[in-house]
Amino acid sequence: MTIDRFRIIGCLASFAMTAISACTTAPPPASTAASIPALATPPSQKPDATEAAIGAALTLAERSRGPGQVAIWSYADEDTTVYLFGTLPFFDANANWRSPTFDRALSIADKVVFEANTLSATAEAQIQRTINDKGLFTDGRLLSGVLSDPVEARLRRAAAELNIPYAALESFKPWLVAYQMDITAAQTSALQSTSDIERTITDHSNDASKSISYLTSVRERLDALGDLPIETQIDRLTVAAISSELGSTLSSALIQEWLDGDESGLEALTATPLVQGGDAAYQSVIVNRNKAWLPDLKALLEQAGTKLVILDSAHLLGPSGVIALLEADGISVSRE
């Protein structure tokens, strides 16, 4: 997801005073993900099997290779070219992620499209409202009361490694705890939020000849998580705890696949139900959003000129990704 996760931690601090339905997966389609062992039960029911499957995804990614630069795709008609550029939620600030193709696309684009505006005061207010409305238990329950013993044990271990007091998490719902763990793990690894890429692009685009638009709002994206059934939230939290325990092994591999432009490896680590926390979560936060965006992405062809669309790589790849959806509608998408 590409919301500004580092800014969410500031909202979380005000509540913490210190300081893959679920995932019964159907046989996967013919793609990179098909080589990853399918889970017979949701991640929270068998965390060890989930960890093994994530390990298989890592192995798969490491065995594939890309051309050596971050991927960018395009689709076009007679008078319009639309570029698609994939990002990550977090990245290495020292990474050389800009390619000549990307720089040219940004330079000539008359319109830049982001998922959501994560840099505004309005976005921060939306984050805070969603935390208030959908991020906290208000019925007397505690986090430990909704988790199984194996999941709670993993979460306590991961939280301790990240120096997060477990007691400070007890009033948070599982989806929000998963986000806090993602943020803290990235900070521990000295990674930066993808909003820094967005800021760089926005600063470059700050002229009268280049417009900026957004496909959705931060509130809508967070609401999709807050509205997940509690069991699905726990599945996402289980995957977040496992990912946190894998630490730099996973984050380094993900960044390397991105920088290498390795579509197969990147799909295995971003665009599957496994890594998104189960099939229900994958459908809600990836597939449904991709389908909702498709009309707007197709409509860009009705506007003459050059457009640059910036999306999280998880939305671009895989059999339910934006690229596949565009091609299923008869629009040819090419790797630049």
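Trainee: How do β2 and strand β7 pair, parallel or antiparallel, and over how many bridges?
Mentor: This is a predicted model, so keep that in mind. In it, β2 and β7 (residues 305-312) pair in the parallel sense, over eight bridges.

Trainee: Which residue in β7 is the bridge partner of T80?
Mentor: G305.

Trainee: And how does strand β1 run relative to β2, parallel or antiparallel?
Mentor: Antiparallel. Five bridges join β1, residues 72-76, to β2. W73 stands opposite L84 there.

Trainee: How many residues of β2 are buried?
Mentor: Seven of the eight, so the strand, residues 80-87, is mostly covered, taking buried as under 20% relative accessible area.

Trainee: Switching topic. Where does T270 lie?
Mentor: In helix α12, which spans residues 263-270.

Trainee: Is T270 buried or exposed, and why?
Mentor: Buried. Its relative accessible area is 7%, and the cut-off for buried is under 20%, so T270 qualifies.

Trainee: What does T270 touch, leaving out residues up to four places away in sequence?
Mentor: L254, V275, Q276, S313 and A314.

Trainee: What does the T270 side chain reach?
Mentor: The backbone oxygen of L266, at 2.7 Å.

Trainee: What separates the C-alpha atoms of T270 and L316?
Mentor: 9.8 Å, with the two residues 46 apart along the chain.

Terms used: Residues numbered from 1 in each chain as written. Predicted model: local features only at pLDDT ≥ 70, side-chain atom pairs only at ≥ 80, totals over all residues. Heavy atoms only, no water. Helix = DSSP H or I, 4+ residues; strand = E, 2+ residues; numbered from the N terminus. Buried < 20%, exposed > 50% of the residue type's maximum accessible area, 1.4 Å probe, protein only. Contact = heavy atoms within 4.5 Å. Polar contact = N/O pair within 3.5 Å; in protein donor to acceptor, adjacent residues only side chain to side chain. Pairing = 2+ DSSP bridges.
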